[in-house]
Amino acid sequence: MNKKLLKLPEVAEILDLKEDRVYALAREGILPVVHVGRQLRVDPDKLLEWIDNGGKAFDGGWKKSS
């Protein structure tokens, strides 16, 4: 196996988003992540599939209500 999982800062760069936004998307289960212990990684193929399917926003729009 020769697949490299992406770190969330790398995903933030790919998506052109701030890192804290990417971490929030991961926490909410919106971004497809792989749990490696306490760390989060993203499978590049799943990320591409997620992008190709139009992604997903927070429920109720982009701004999450508290």
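**Starting from L31**

Analyst: L31 is buried, with a relative accessible area of 2%. This is a predicted model.

User: Where is L31 found in the chain?

Analyst: L31 is in the loop between α2 and β2 (34-36).

User: Which residues does L31 touch, leaving aside those up to four places away in sequence?

Analyst: L31 touches L8, V11, L15, V22, L25, A26, V42, L47 and W50.

User: And how far is L31 from I51?

Analyst: The C-alpha atoms of L31 and I51 are 9.8 Å apart in space, and the two residues are 20 apart in sequence.

User: OK, the core. Which residues touch the most other members of the largest nonpolar core?

Analyst: L8, V11, V22, L31, V42 and L47 do, in a core of 13 residues. The elements giving two or more residues to this core are α1 (8-15), α2 (19-27), β3 (39-42) and α3 (44-52).

User: Back up a bit. What pattern does the chain follow along the sequence?

Analyst: The pattern is β-α-α-β-β-α, with three helices and three strands in the chain.

User: How much of the chain is buried?

Analyst: Of the 66 residues in the chain, 26% are buried. As for contacts between residues at least 6 apart in sequence, 48% join residues at least 24 apart.

User: Now α1. Which of its residues are buried?

Analyst: In α1, the buried residues are L8, V11 and A12. Seen down the axis of α1, the buried residues fall within an arc of 105 degrees, so they line one face of the helix.

User: What covers the buried residues of α1?

Analyst: The cover includes β1 (6-7), α2, β3 and α3.

User: At what angle do α1 and α2 pack?

Analyst: The angle is about 110 degrees, and the axes are 9 Å apart. Angles of 65 to 115 degrees count as roughly perpendicular, and α1 and α2 are therefore roughly perpendicular to each other.

User: Which residues meet there, and what classes are they?

Analyst: From α1, L8, P9, V11 and A12 meet E19, V22, Y23 and A26 of α2. By class, this contact of α1 with α2 has seven nonpolar, no polar and one charged residues.

How values were computed. Residues are numbered from 1 along each chain as its sequence is written. This is a predicted model: local features need pLDDT of at least 70, side-chain atom pairs count only at pLDDT 80 or more; totals for chains, interfaces and linings use all residues. Side-chain values use heavy atoms; hydrogens and water are left out. A nonpolar core is a set of buried Ala, Val, Leu, Ile, Met, Phe, Trp, Tyr and Cys residues joined through side-chain atoms within 4.5 Å. Buried means under 20% relative accessible area, exposed over 50%, partly exposed in between (1.4 Å probe, protein chains only). Helices (H or I, at least four residues) and strands (E, at least two) are DSSP runs, numbered from the N terminus. Contact means heavy atoms within 4.5 Å. Axes are lines fitted to C-alpha atoms, for helices over the stretch in contact, and angles run from 0 to 180 degrees between N-to-C directions. Angles under 35 degrees count as roughly parallel, over 145 as roughly antiparallel, 65 to 115 as roughly perpendicular and the rest as oblique. Ala, Val, Leu, Ile, Met, Phe, Trp, Tyr, Cys and Pro count as nonpolar, Asp, Glu, Lys and Arg as charged, and the others, Gly among them, as polar. The arc is that of the directions from the helix axis to the C-beta atoms.
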